[in-house]
Amino acid sequence: MNCLSEYLWQSLVPLIFFSFIWMLYRYIDKQEEVERVKKEHAEMELKFLKSQINPHVLFNNLNTIYSYSLEKPSEVPDMILMLSDNLKHVLYESNSKTIALEKELQFLKNYIKFQKIRTEGVKHINYTVEIDSNQHQIAPLLLITILENAFKHSTLNSDINIVLKVNNGTLECTCKNDYDKGVVSTQDFKIGLQNLEKRLQLIYKDNYQLNISRTDTFIVYLKLNLL
Amino acid sequence: MNCIIIEDEIPAQIILKNYIAKIPNLELVDTFKAAIEANSFLNSNTVDIVFLDINLPDISGIDFIKTIKNPPAIIMTTAYPDYAVSSFELETIVDYLVKPFSFDRFLRAINKVKARSIQDLNALEDDADILFLNVDKTHHKIILNDILYLESDRNYVTIVTKTQKLSYIDSLKNWRSKLPINTFVQVHKSYIINSKYVDKITGNELYVQGNRIPIGRTYKQELLAQLKIT
């Protein structure tokens, strides 16, 4: 009896001891894994955020403000607020899955105001908005992709016509611009708009329609069900 | 100096116009929104400086430069810092301004153009700078670039070149106006040296191809500045 208990004692203690050590190692290992995944996630989020801020647009807008500070300083305060609002929108507010349509529209309005100043005498921008209700939510930074694309690829002296309608929870955005068929390859168009299509598929699944037509003018049509 | 602006954005044009107006002797001849318009202008006019936006609506600024025959000094302006490396490969691009840029930065670019045009002038003068000295009824050919130093002794001036040594009645003051100021510098009341041939400076003496020359106290500052010694 005595012998058996001693035998048990001698074999159990080391067994328990080593299992404990092993579990500790597992725990530390797991902790590291969790840490690594967390870090990767944060990095990806950051990458996404960075991709949302177009540094060219930012610097061009800063240059516009700088120019006004030399020649028309009285308009500078408003411009700085507009730019700061837009940065806020991109950096902080667009983190959520959807945001108020009103905010998104204000963002577009500011963007277009800057573009109008920058492209004065070079491009003609018509922007019309018809909205029956502001009480909708929309995924952030979808529409801006369409506008950026139009500014980027439109020709000298091009008309850029943007019509935005919201009717009974359905949003329709039509953006037309002249483009140079020779210079702009189909590949160029794809990058920005391809990303848009990817995001639409993820967020809206069957509740959207995106048409791109390239004839004499370049037309992007987007229909979204906001309900 | 005269210049043109090629820039499609009016705010950016305003900044350049504002800066150009602040610089005396820099005249803005014309402003263009597109490279094509500027091209025909450059074909029939000469300008000293072109302010060129890299990202033009019709053609990239870099491609545009390649189309100009005998391109003038070009100062690139852009909001795209990543073009920096590739643009300097073109010799005609003097500087590269990232928007928004300060007046000081702009001024530095203009000074670079000026420095370059002085260099060009000197290069031209290199061939032309020959004069004949009448010493003892003989005309001696002197290549200014070959002069090592000039020494005065009362009413005489001795010109020491790589190949000859000539003394005749003259004054150093007379010579100062004849010599290109960017290479020749007075180091003593009796000496003017060619800074290209200075081998070493120790204390109040310097050596020009083995010849020891004293440095006057009042001339030392100018000498050091000329040799870019700080």
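Is A:Ser67 buried or exposed? Select A:Ser67 and take a look: its relative accessibility is 0%, so A:Ser67 counts as buried, the cut-off being under 20%. Keep in mind during this tour that the model is predicted.

**Stop 1: around A:Ser67**

Colour helix H2 of chain A, residues 55-71, and you will find A:Ser67 in it. Leaving aside neighbours within four places in sequence, A:Ser67 is in contact with B:Pro11, B:Ile14 and B:Ile15. Zoom in on B:Pro11: its backbone oxygen lies 2.8 Å from a polar atom of the A:Ser67 side chain.

**Stop 2: helix H1 of chain B**

Next, select residues 10-22 of chain B, which make up helix H1. This helix has 13 residues and reaches 19 Å from its first C-alpha to its last, close to the expected 18 Å. Several residues of H1(B) are buried, among them B:Pro11, B:Ile15, B:Leu16 and B:Tyr19.

**Stop 3: where the two chains meet**

Zoom out until you can see both chains. Chain B brings 19 residues to the contact and chain A brings 16 residues. Between them, the chains bury about 1700 Å², with 62% of that on carbon and sulfur atoms.

How many salt bridges are there between chain B and chain A? The count is one. To see a salt bridge between the chains, select A:Arg118 and B:Glu9, whose closest N and O atoms are 2.5 Å apart. Five residue pairs are in polar contact between chain B and chain A, counting pairs with both residues at pLDDT 80 or more. On the side of chain B that touches chain A, H1(B) gives the most, with seven residues. The residues on that side of chain B divide into 13 nonpolar, two polar and four charged.

**Stop 4: A:Leu147 and its surroundings**

Go back to chain A and select helix H5, residues 143-153, where A:Leu147 has its place. A:Leu147 has a relative accessible area of 2%, so this residue is buried. Which residues does A:Leu147 touch, not counting those up to four places away in sequence? They are A:Leu108, A:Tyr111, A:Ile112, A:Ile162 and A:Cys175. Try the distance tool on A:Leu147 and A:Ile162: they are 15 residues apart in sequence, and their C-alpha atoms are 8.1 Å apart in space.

**Stop 5: salt bridges within the chains**

Over all chains, the structure holds twelve salt bridges. Begin with B:Arg105 and B:Asp95, whose side chains meet at 2.9 Å, N to O. This pair links distant parts of the chain, ten residues apart: B:Arg105 is in helix H5 (residues 103-128) of chain B and B:Asp95 is in strand S5 (residues 93-98). B:Arg105 is partly exposed at 21% relative accessible area, whereas B:Asp95 is buried at 2%.

B:Lys112 is partly exposed, at 38%.

Now pick B:Asp146 and B:Lys162, whose side chains meet in a salt bridge of 3.7 Å, N to O. B:Asp146 lies in the loop between strands S7 and S8 of chain B and B:Lys162 in the loop between strands S9 and S10, so the pair ties together parts 16 residues apart in sequence. B:Asp146 is partly exposed at 24%, and B:Lys162 counts as partly exposed at 48%.

For a last stop, select A:Glu33, A:Arg36 and A:Glu40, which are linked in a network of salt bridges.

Key. Residues numbered from 1 in each chain as written. Chains lettered and ligands numbered in written order. Predicted model: local features only at pLDDT ≥ 70, side-chain atom pairs only at ≥ 80, totals over all residues. Heavy atoms only, no water. Helix = DSSP H or I, 4+ residues; strand = E, 2+ residues; numbered from the N terminus. Buried < 20%, exposed > 50% of the residue type's maximum accessible area, 1.4 Å probe, protein only. Polar contact = N/O pair within 3.5 Å; in protein donor to acceptor, adjacent residues only side chain to side chain. Contact = heavy atoms within 4.5 Å. Expected span 1.5 Å × (residues − 1). Buried area = accessible area lost by both parts, 1.4 Å probe. Salt bridge = Lys/Arg side-chain N within 4 Å of Asp/Glu carboxyl O. Nonpolar A, V, L, I, M, F, W, Y, C, P; charged D, E, K, R; others polar.
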